[in-house]
Structure formats: structure tokens, C-alpha cells
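Have the structure open while you read.

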Amino acid sequence: AGALFGLGLGFSLCIIYSTIGAVLLYYISVLFCTRIIKRFFGSRLLTFQVWAKQHKANLCMRLIGIRIFPFTPNWFVNLACGQLKVPLQVFVPSTFLGLIPYTFMGCQAGTLLRKLRSMQDIMQPQVILGLVALGVVGFVLPAALNRVSHLRTLGRCCRITG
């Protein structure tokens, strides 16, 4: 999209249509795929369900972290969220915000591809640093959210017992 429409319009179109596609998959999962998903992904769905219940208080932030993490299969997150009936007011913003980094990078790559002359054009320090930073955020954000959740739990326990 970046090569066809430029960075601004290409990014806007991609992020909107990616979010719409995720919502469609969410509904397809609910309406048509329950038996198939449970048959082929039953144990993974159960693991995801336990995880979602553990992090119900900050599920939106957790889903953003999952989508930012580079190795998470977004198609499974879409299907699982539909099966677990994650509220759309949590699912839609987490999908939109979580897909922003990769969508932006993909559109930016498209604009660069239009101008490419050699491999050196790709291997620019700012591109490499951006990829490294994105990877670090994908690892650090969930860990930081875990820590905050743990500290809140400890604070509640201390107030109850103290």
C-alpha cells in the first residue's frame, strides 16, 4: 500500500482494513467455526482462555502486547478472541493499536521499495534500530504489565491482611 498510495494514505487504509478484517474473522469464528477451532486448537484455546482470565483487568493492554510481539499468529488471536467472547470494546482498540507498528513498517517498506537501487538502501541504521526497538517493546511490554499486575495484587493482599 505504501508503494501504491504513499505512506500516509497507504498506512491509513491498511490499518483500517486490517482491523475490519480482524473483526470479520472474530465474527466468522463465533458464527461458523466453533467446532473446527475446538477440534484443531482445543488445547491452545484453553491456554489462551486461562491467560485471558488471569489478565482480565488489563486485557486490552495485554492484547496490544501480544499483537506487537513479532511471533504471535494474529489469525489465532482473532479466532480465539471470538471464541472466548472478548468484548468488542476491548478487541477492536487492542487490534487497531497493536497492528500499528507492523502496518507502519510494511507501508514504509513499500515506499522504500519504490525507490530501491541497492541493498544498502534497505540496511540503513534507522531502519535497523527501529526493528530492534520494536522487538524490545514486544518482549518488555508484556513483562512490565506482568510486574504491574503482580504489584497491584501484592498491594491488595497487604491492605486485606494489614
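Helix α2 (residues 7-32) packs on α5 (residues 74-83) at an angle of about 50 degrees, with the two axes 7 Å apart. This is a predicted model, where local features need pLDDT of at least 70, side-chain atom pairs count only at pLDDT 80 or more, and totals for chains, interfaces and linings use all residues. Residues are numbered from 1 along each chain as its sequence is written, and side-chain values use heavy atoms, with hydrogens and water left out.

A few conventions: helices are DSSP runs (H or I, at least four residues), numbered from the N terminus. Axes are lines fitted to C-alpha atoms over the stretch in contact, and angles run from 0 to 180 degrees between N-to-C directions. Under 35 degrees counts as roughly parallel, over 145 as roughly antiparallel, 65 to 115 as roughly perpendicular and the rest as oblique.

So α2 and α5 are oblique to each other. On the α2 side, Ala-22, Leu-25, Tyr-26, Ser-29 and Val-30 touch α5 (heavy atoms within 4.5 Å). Their partners in α5 are Trp-75, Asn-78, Leu-79, Cys-81, Gly-82 and Gln-83. Sorted by class, that contact has 7 nonpolar, 4 polar and no charged residues. Here Ala, Val, Leu, Ile, Met, Phe, Trp, Tyr, Cys and Pro count as nonpolar, Asp, Glu, Lys and Arg as charged, and the others, Gly among them, as polar.

Now for α4 and its two partners:

| Pair | Angle | Axis distance |
|---|---|---|
| α4 (residues 59-68) and α5 (residues 74-83) | about 155 degrees | 10 Å |
| α4 and α6 (residues 88-115) | about 30 degrees | 8 Å |

With that angle, α4 is therefore roughly parallel to α6. From α4, the contact with α6 uses Leu-59, Cys-60, Leu-63, Ile-64, Arg-67 and Ile-68, and the α6 side includes Val-90, Phe-91, Pro-101 and Tyr-102. That contact splits into 11 nonpolar, 3 polar and 1 charged residues.

By contrast, α4 and α5 are roughly antiparallel to each other. Leu-63, Ile-66 and Arg-67 of α4 meet Asn-74, Val-77, Asn-78 and Cys-81 of α5, a contact of 4 nonpolar, 2 polar and 1 charged residues.

What lines the second largest pocket? Its lining is Gln-49, Ala-52, Lys-53, Lys-56, Leu-59, Leu-84, Lys-85, Val-86, Pro-87 and Val-90. These residues divide into 6 nonpolar, 1 polar and 3 charged. Helix α3 (residues 34-54) gives the largest share of the lining, 3 residues.

How values were computed
Helix = DSSP H or I, 4+ residues; strand = E, 2+ residues; numbered from the N terminus. 1 Å grid on protein atoms, 1.4 Å probe; cavity = no way out; pocket = protein on both sides within 12 Å on 5 of 7 lines; lining within 4 Å.
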